[in-house]
Amino acid sequence: MSETTPTPNGHPEPHSSPDAAALRIARTRSVFDFLSNLSIGQMTLTLVLAIFVWQWFDAHHQLNTLQQELAKRLTEMDGNNKANQVLVKQSQESLSALTNKVTALESANAEAQSERAALETLYQEMSSNRDETALAEVEQMLMIASQQLQLSANVKAALIAMQQADGRLQRMDRPALNNLRKSINGDMDRLRTLPAVDTAGITLRLDNLIVAAEIIPLNHEVSQTTSAKPTMLTPITTPTNENSWQHLWREIWQEARNMVRIEDMRKREMPLLSPTESFFLRENLKLRLLSARLALLSRDETSFRNDLKAAADWVKRYFDANSTDGKQALTALQKMSTANINIELPDINGSIEAVRAYRMAHEKAKQ
C-alpha cells in the first residue's frame with residue numbers, strides 16, 4: 001500500500017517513491033533559497049505586510065461582531081421603544097383621565113363651597129329664628145305660670161312651667177341669658193318657700209261630700225219611718241173571774257186609751273218635703289260644696305269658710321246628723337274649715353318683662 005503525507009497546501013500527497021521525497025526536499029530548498037536571497041528590507045516589508053493583513057482580518061472580524069451586536073441591540077431597543085410607546089400611551093390616557101377627574105373634583109369642590117356658604121347663611125338665619133322662637137316659648141311659659149298663680153293660685157303648676165322655661169334657657173347655652181335665668185330662679189325660690197296647701201286633698205274631700213249628698217238621709221224621712229211604726233200599748237190582762245159588767249167596762253177603757261195621745265209640743269218637727277223639694281235641697285247642698293271648691297282654687301278663704309259653714313248648717317238642719325253618713329259629712333266639713341288656704345303669692349311679672357325686653361332687643365339687633 002502506498003502512504004500519503006501532507007503537503008504544504010494541506011492536501012495529502014502520496015509517498016509512492018523516494019522521488020517524491022526528493023522533490024519535496026528540493027522545493028524546501030528552493031523556498032529557503034528564495035528567503036535567503038531576500039534582503040532585510042524586503043523581509044521587513046513582507047513582515048509588515050503580513051501583520052497588516054492579519055490586523056485587517058482581525059479588525060474586519062471585530063467589525064462584523066460589533067455589527068451583529070449593534071443589530072441585536074437595535075432590535076432590543078426597537079422592542080423597548082415599542083413597549084415604551086405603549087407605556088407612554090397608557091400614561092397619557094391615565095393622565096387624561098386624572099385630569100378629567102381633577103376637573104370634576106374642582107367643579108364639585110366649587111359647588112360644595114357654594115353650598116357650604118349657603119348652608120352657613122341658612123344656619124345663621126335658622127339660629128337667629130331658633131333663638132327668637134326659644135325666647136317666645138320661655139315668655140309663654142312664664143305667662144302660663146303667672147296665670148296659674150293669679151287665677152287658681154296653683155303654685156305647683158307655676159313651678160313646673162318656670163322650671164321648663166329655665167331648662168329651655170339652659171339648653172340655649174348663651175352667657176347673655178344668665179341674667180334671665182337668675183331672675184327666674186329667684187322667683188322659683190320664692191315660690192318654694194310658700195307654705196304648702198293640700199289643695200288636692202281638700203278638693204278630693206269636697207268631691208266625696210258632693211257624692212255623699214245623694215245618700216245622707218233627710219230628717220223628715222227618718223220621722224216618717226219612726227211614725228210609720230205601730231204604737232204597741234200595754235195589753236190589759238183579762239181576769240179569769242170577771243163578770244159581764246166588768247168585761248164591758250174594760251173594753252170601754254181600752255177604747256178610751258186608744259183615742260187619747262199625749263205628746264211634747266216643745267219638740268220642733270221638720271215639715272214634710274215633696275220629692276221635688278228633697279231633690280232641690282240636695283242640689284243646693286252640692287252647689288254650696290262646689291262654691292267652696294271654687295273658693296279653694298282662687299284662695300278666697302272667707303268665701304271658702306262661709307260656704308263650708310252654710311253646708312254644715314244645712315246638714316244639721318235638714319239632714320239626719322246622727323246617721324253614719326251625716327256624722328262623716330259634719331266631721332269632714334269641720335276639718336276643712338280649719339285649713340289655712342290664704343297665702344300671699346309672689347309676683348313673677350319681673351321675669352316676664354326681662355324676657356320680653358331681651359327678645360325685643362334681639363329682634364332690633366337682627367334688623
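**Close-up 1. The lining of the largest cavity in this predicted model.** Nine residues are involved by class, and the lining consists of Leu209, Ala213, Ile216, Leu285, Leu289, Ala311, Val315, Ala329 and Leu333. Sorted by class, the lining has nine nonpolar residues, with no polar and no charged residues among them. The space inside the largest cavity comes to about 50 Å³, and the count of cavities of 30 Å³ or more is one.

**Close-up 2. The packing of helix 9 against helix 10.** Two packed helices are described by the angle between their axes and the distance between the axes. Helix 9 (residues 301-318) and helix 10 (residues 324-337) pack at an angle of about 160 degrees, and their axes lie 10 Å apart. Because of that angle, helix 9 is roughly antiparallel to helix 10, angles over 145 degrees being counted in this way. The crossing in which helix 9 passes helix 10 is left-handed. On the side of helix 9, the contact is made by Phe304, Arg305, Leu308, Ala311, Ala312, Val315 and Lys316, while helix 10 contributes Gly326, Leu330, Leu333, Met336 and Ser337. Taken by class, the residues of this contact are eight nonpolar, two polar and two charged. Ala311, Val315 and Leu333, which take part in this contact, also belong to the lining of the largest cavity.

**Close-up 3. The packing of helix 5 against helix 10.** Helix 5, made of residues 199-212, packs with helix 10 at an angle of about 150 degrees, with the two axes 11 Å apart. Helix 5 and helix 10 are therefore roughly antiparallel to each other, and helix 5 passes helix 10 in a left-handed crossing. Ile202, Arg205, Leu206 and Leu209 of helix 5 make the contact with Ala329, Ala332, Leu333 and Met336 of helix 10. By class, this contact has seven nonpolar residues, no polar residues and one charged residue. Leu209, Ala329 and Leu333 take part in this contact, and these residues are also found in the lining of the largest cavity.

**Close-up 4. The second largest pocket and the residues that line it.** The volume of the second largest pocket is about 270 Å³. Its lining is made up of 18 residues, of which Val155, Lys156, Val197, Thr199 and Arg299 are the closest to the centre of the pocket. Helix 3 (155-172), helix 4 (178-192) and helix 5 (199-212) each supply at least two residues of the lining, and the largest share, three residues, comes from helix 3. The lining residues divide into eleven nonpolar, three polar and four charged.

**Close-up 5. The packing of helix 3 against helix 4.** Helix 3 and helix 4, which both supply residues to the lining of the second largest pocket, pack at an angle of about 160 degrees, with their axes 10 Å apart. The two helices are therefore roughly antiparallel to each other, and the crossing of helix 3 and helix 4 is left-handed. Helix 3 takes part in the contact through Val155, Ala158, Leu159, Met162, Gln163, Asp166, Leu169 and Gln170, and helix 4 through Leu180, Arg181, Ile184, Asn185, Asp187, Met188, Leu191 and Arg192. By class, the contact of helix 3 with helix 4 has nine nonpolar, three polar and four charged residues. Val155, which is part of this contact, is also among the residues closest to the centre of the second largest pocket.

Notes
Residues are numbered from 1 along each chain as its sequence is written. This is a predicted model: local features need pLDDT of at least 70, side-chain atom pairs count only at pLDDT 80 or more; totals for chains, interfaces and linings use all residues. Side-chain values use heavy atoms; hydrogens and water are left out. Axes are lines fitted to C-alpha atoms, for helices over the stretch in contact, and angles run from 0 to 180 degrees between N-to-C directions. Helices (H or I, at least four residues) and strands (E, at least two) are DSSP runs, numbered from the N terminus. Angles under 35 degrees count as roughly parallel, over 145 as roughly antiparallel, 65 to 115 as roughly perpendicular and the rest as oblique. A crossing is left-handed if the near helix is turned anticlockwise from the far one by less than a right angle, and right-handed if clockwise. Contact means heavy atoms within 4.5 Å. Ala, Val, Leu, Ile, Met, Phe, Trp, Tyr, Cys and Pro count as nonpolar, Asp, Glu, Lys and Arg as charged, and the others, Gly among them, as polar. On a 1 Å grid over the protein atoms alone, a cavity is a set of points where a 1.4 Å probe fits but cannot get out, and a pocket is an open set with protein on both sides within 12 Å along at least five of seven lines; lining residues have an atom within 4 Å of a point. Grid points are joined across faces, edges and corners, and a volume is the space filled by probe spheres set on the points.
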